[in-house]
Amino acid sequence: MSEMLTESELSLIHALQIRPRATWAELAPILRATSATLARRWESVTERGLAWITAYPAPMTGAGAFTAMIEVTCDLAGTKTLVEALTRDPRVSSIEHAARGRDLILTVQTGSLHELSDLVLEELPRHPSVNSTRTHTCTALHAEGSRWRLDSLDTAQSTAIAALENTPLQSGSSRPESLTDEVARALVRELTRNGRASAREIAAVIDRPASSVRRQLAGLLRSRTVVLRCDVAQNATRWPITVTWWCRLPVRAHRDVVEVVNTRPELRLCMSMTGPANFLVSMWVSSLPDLLRVQEWLETRAPSLEIIDSSVTLRSRKRMGWELDTHGRATGYVTAHGG
């Protein structure tokens, strides 16, 4: 049986989902604990691989950036070697073993169509275990995992944490002059490994003055060009099952259906795509009966949505760059974007 998180640990993770870089002193009165207790609690959770904070470039913001879902069918005997190779590929942000219709589902992010084409047309087919691939290019990303929340805090606590401004987010994408693309990539790379890393810790790694890194880090986080995300080991929550629905939907109806699915707290991913299945919805649910209830709700609330296929994830091996073990816990190995 997988290790479950305690209520106090879930509350802390929920708080960090809202404000990933909030200080322990800021969170202490809201969570009714001391700063030292929160620090020890977070250290314990991360050491056990049950939660982690990462960062990545905001999806679909760069000119020419491509996000795609790639379905892979492969020989079972060679799957382990293939997954190990894909785990170490920074272009492959997530890897899931699927229950039917496809063996693997890859979430891929590349800087150009040429880079995506190389992966799909040349690199994947060269692997001896790959039998076929089917690629769905994302045309609009409507929701992703950084927006998903636990339900451990009450409304007053959530509101108070959201109001914290230790890392204020402002509209626009202006950056300090000193924040060059090279520096920004270095900062994102370190935040990918530890989204709560201090300016001093990052400065020591990238060999820059801490004062400069502090200003550059603040500018990067204000720019909204990077997403901070507190992730949790799924099997340690009350929602251990991932279901993905591959749907067909008239383009004119996409916006209305997005508004519908965004009301579900289980939602992890929603995107418009190219191909016969042009709309994808993925959720975390508590059980297989719960899966059927959510699907019935979806079919009732969005009658224009045709579900072509659905798949349950057997195991997640990688999530937004982080390698996961067989229980869905973070191993500590991460492939940072841009490095």
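Me: Is lysine 318 buried or exposed?
Reply: First, the general idea: buried means under 20% relative accessible area, exposed means over 50%, and partly exposed is in between, with a 1.4 Å probe and protein chains only. Lysine 318 has a relative accessible area of 1%, so it is buried. Keep in mind that this is a predicted model, where local features need pLDDT of at least 70, side-chain atom pairs count only at pLDDT 80 or more, and totals for chains, interfaces and linings use all residues. Residues are numbered from 1 along each chain as its sequence is written, and side-chain values use heavy atoms, with hydrogens and water left out.

Me: Where does lysine 318 lie, and which residues is it in contact with?
Reply: Helices (H or I, at least four residues) and strands (E, at least two) are DSSP runs, numbered from the N terminus. Lysine 318 belongs to strand S10. Contact means heavy atoms within 4.5 Å. Leaving aside neighbours within four places in sequence, the contacts of lysine 318 include Leu86, Asp89, Ile95, Glu323 and Thr335.

Me: How do I read two helices that pack together?
Reply: Two packed helices are described by the angle between their axes and the distance between the axes. Axes here are lines fitted to C-alpha atoms, for helices over the stretch in contact, and angles run from 0 to 180 degrees between N-to-C directions. Take helix H7 (residues 181-193) and helix H9 (residues 210-222): their axes come within 10 Å and cross at roughly 85 degrees. H7 and H9 are therefore roughly perpendicular to each other; the cut-offs are under 35 degrees for roughly parallel, over 145 for roughly antiparallel, 65 to 115 for roughly perpendicular, and oblique for the rest.

Me: Which residues make that contact?
Reply: On the H7 side you'll find Val183, Ala184, Leu187, Val188 and Leu191, and on the H9 side Val213, Gln216, Leu217, Leu220 and Leu221. One of them, alanine 184, is buried at a relative accessible area of 8%.

Me: What else do the buried residues of H7 pack against?
Reply: Besides H9, they pack against strand S1 (51-57), helix H8 (199-206), strand S6 (226-232), S11 and strand S12 (330-334). The buried residues of H9, for their part, have a cover that includes H7, H8 and S6.

Me: How many bridges join S1 to S6?
Reply: The rule is that two strands pair if DSSP finds at least two bridges between them. S1 and S6 have seven bridges and run antiparallel. Alanine 55, for example, has leucine 228 in S6 as its bridge partner. Six of the seven residues of S1 are buried, so S1 is largely enclosed by the rest of the structure.

Me: Which residue just after H9 takes a positive phi?
Reply: That's arginine 224, with a phi of about 65 degrees. Arginine 32 has a positive phi too, about 60 degrees, although it is not a glycine. Look for arginine 32 in the loop between helix H2 (24-31) and helix H3 (35-47).

Me: What about methionine 320: what is its phi near?
Reply: Its phi is near 45 degrees, a positive value in a residue other than glycine. Methionine 320 sits in the loop between strand S10 (306-319) and strand S11 (322-324). Methionine 320 counts as buried at 8% relative accessibility, whereas arginine 32 is exposed at 66%.
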